[in-house]
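Work through the exercises below with the sequence and the 3D structure open. Each task is followed by a solution in steps.

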Amino acid sequence: MHGALCIIYYLCTQNVDIMNENVITSLQNERVKRLVALQQKASERRKAGLFVVEGMRELMHCQASGYQVDTVFVCDDYQPSGNAQFSVPGTQLFHVTPPVYEKIAYRGSTEGVIALVRERRLTLRDLNLSASPLVIVLESVEKPGNIGAVLRSADAARADAVIVCNPLTDLYNPNLIRASLGALFSVPTIACSSDECIAFLKQKNIQILTAQLQDSSLYYDVDMRQPTAIVMGTESTGLTDIWRQAADVHIRIPMLGAMDSLNVSVSAAILLFEAVRQRMH
């Protein structure tokens with residue numbers, strides 16, 4: 001565990017002394033209802049400015065990236081080796097019974113920890129780019145799991161940012177957070193329009209590489225050592241014309257089988273690590 005984190009987490013052999021008012025036992029409790037609504041509805045998340053984080057690993061990444069934790073819910077029975085104690089300055093802590101935890105948990109293996117966290121919606125102006133930035137742009141990618149997987153690859157490749165253009169899913173969707181394993185918090189992630197993104201990339205002199213089959217070069221023949229944005233669309237429709245026209249280079253991954261495309265998260269990983277390979281030499 002990182003000592004600088006506000007969350008202090010340790011396993012103990014003694015039962016935790018909990019005041020009765022900090023224990024939630026009813027499925028009809030208003031806090032339980034609110035948490036479930038925040039999980040299920042993007043409109044509720046935007047209205048409250050809160051989202052749900054499950055699991056100790058994800059919560060640690062969240063805290064390390066400067067997000068403000070509002071409320072923590074702990075189920076001692078789901079702790080891996082007994083009870084857990086938390087100290088989260090400025091937050092509320094509630095212990096919940098197993099039936100309540102099963103109600104509020106989006107997935108099973110989350111170490112008995114669920115938190116409500118304050119949103120932090122970044123804009124393009126908030127980006128602090130490196131000298132030779134590497135950016136992933138996703139246009140209208142709908143599946144939260146795909147965006148989450150792209151974020152994991154972006155974190156591994158130390159990309160400067162992931163920009164989601166014309167988003168069709170909320171960036172704080174629980175499936176997206178789960179698929180990213182917390183990379184949503186470690187990689188600056190922006191939602192904006194394609195027009196805004198293109199203007200930003202042009203202003204920053206970042207070359208635009210669009211992944212497409214038509215009129216394209218093999219990806220490993222393109223110089224990615226310079227400031228680069230790798231742009232990908234959906235598997236079904238690809239990129240819109242605005243990106244094709246804005247591109248400096250069209251690139252493709254060779255397809256040797258019967259299929260003509262890869263999952264967007266797989267394509268992102270291949271292209272990101274080609275950039276990493278080039279930049280290491």
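A charge sits over a ring if NZ of Lys or CZ of Arg is within 6 Å of the ring centre and within 35 degrees of the ring normal. The model is a predicted one, in which local features need pLDDT of at least 70, side-chain atom pairs count only at pLDDT 80 or more, and totals for chains, interfaces and linings use all residues. Residues are numbered from 1 along each chain as its sequence is written, and side-chain values use heavy atoms, with hydrogens and water left out.

**Exercise 1. Charge and ring**

Find the ring over which the charged end of Arg120 sits.

Solution. The ring belongs to Tyr67, and the charged end of Arg120 is 4.2 Å from its centre. Tyr67 is also part of an aromatic cluster with Phe51, Tyr172 and Phe185.

**Exercise 2. Confidence and overall make-up**

State the average pLDDT of the protein, then name the stretch where pLDDT stays under 50.

Solution. Step 1: pLDDT is the predictor's confidence in each residue, from 0 to 100. The average is 87, and 87% of the residues score at least 70.
Step 1: Residues 1–20 stay under 50; for them the model has 43 contacts (heavy atoms within 4.5 Å) beyond four places in sequence.
Step 2: The protein has 10 helices and 14 strands. These are DSSP runs numbered from the N terminus: helices are H or I, at least four residues, and strands are E, at least two.
Step 3: Of its 281 residues, 49% count as buried. Buried means under 20% relative accessible area, exposed over 50%, and partly exposed in between, with a 1.4 Å probe and protein chains only.

**Exercise 3. The aromatic pairs of Phe51**

Describe how the ring of Phe51 pairs with Tyr172 and with Phe185.

Solution. Step 1: Rings of Phe, Tyr and Trp (its six-membered ring) pair if their centres lie within 6.5 Å; planes under 30 degrees apart count as stacked, over 60 as edge-to-face and the rest as tilted. The whole structure has 6 aromatic pairs.
Step 1: Phe51 and Tyr172 are stacked, 4.1 Å centre to centre with 20° between the planes. Phe51 lies in strand S3 (residues 50–54) and Tyr172 in the loop between strand S9 (161–165) and helix H6 (174–180), so the pair ties together parts 121 residues apart in sequence.
Step 2: For Phe51 and Phe185 the centres are 5.9 Å apart and the planes at 25°, so this pair is stacked. Phe185 lies in helix H7 (residues 183–186) and Phe51 in strand S3, so parts 134 residues apart in sequence are tied together.
Step 3: Phe51 counts as buried because its relative accessibility is 0%; Phe185 counts as buried because its value is 5%.

**Exercise 4. The nonpolar cores**

Solution. Step 1: A nonpolar core is a set of buried Ala, Val, Leu, Ile, Met, Phe, Trp, Tyr and Cys residues joined through side-chain atoms within 4.5 Å.
Step 1: The largest core has 47 residues; Phe51, Val117, Ile136, Leu138, Leu151, Val162 and Phe185 touch the most other members. Helix H10 (residues 264–279) gives the most to this core, with 6 residues.
Step 2: Apart from this core lies another, of 21 residues, including Ile163 and Leu201.

**Exercise 5. Ile147**

Is Ile147 buried or exposed?

Solution. Step 1: Ile147 lies in helix H5 (residues 144–156). Ile147 counts as buried because its relative accessibility is 0%.
Step 1: Not counting residues up to four places away in sequence, Ile147 touches Leu138, Val141, Val164, Thr169 and Leu176.
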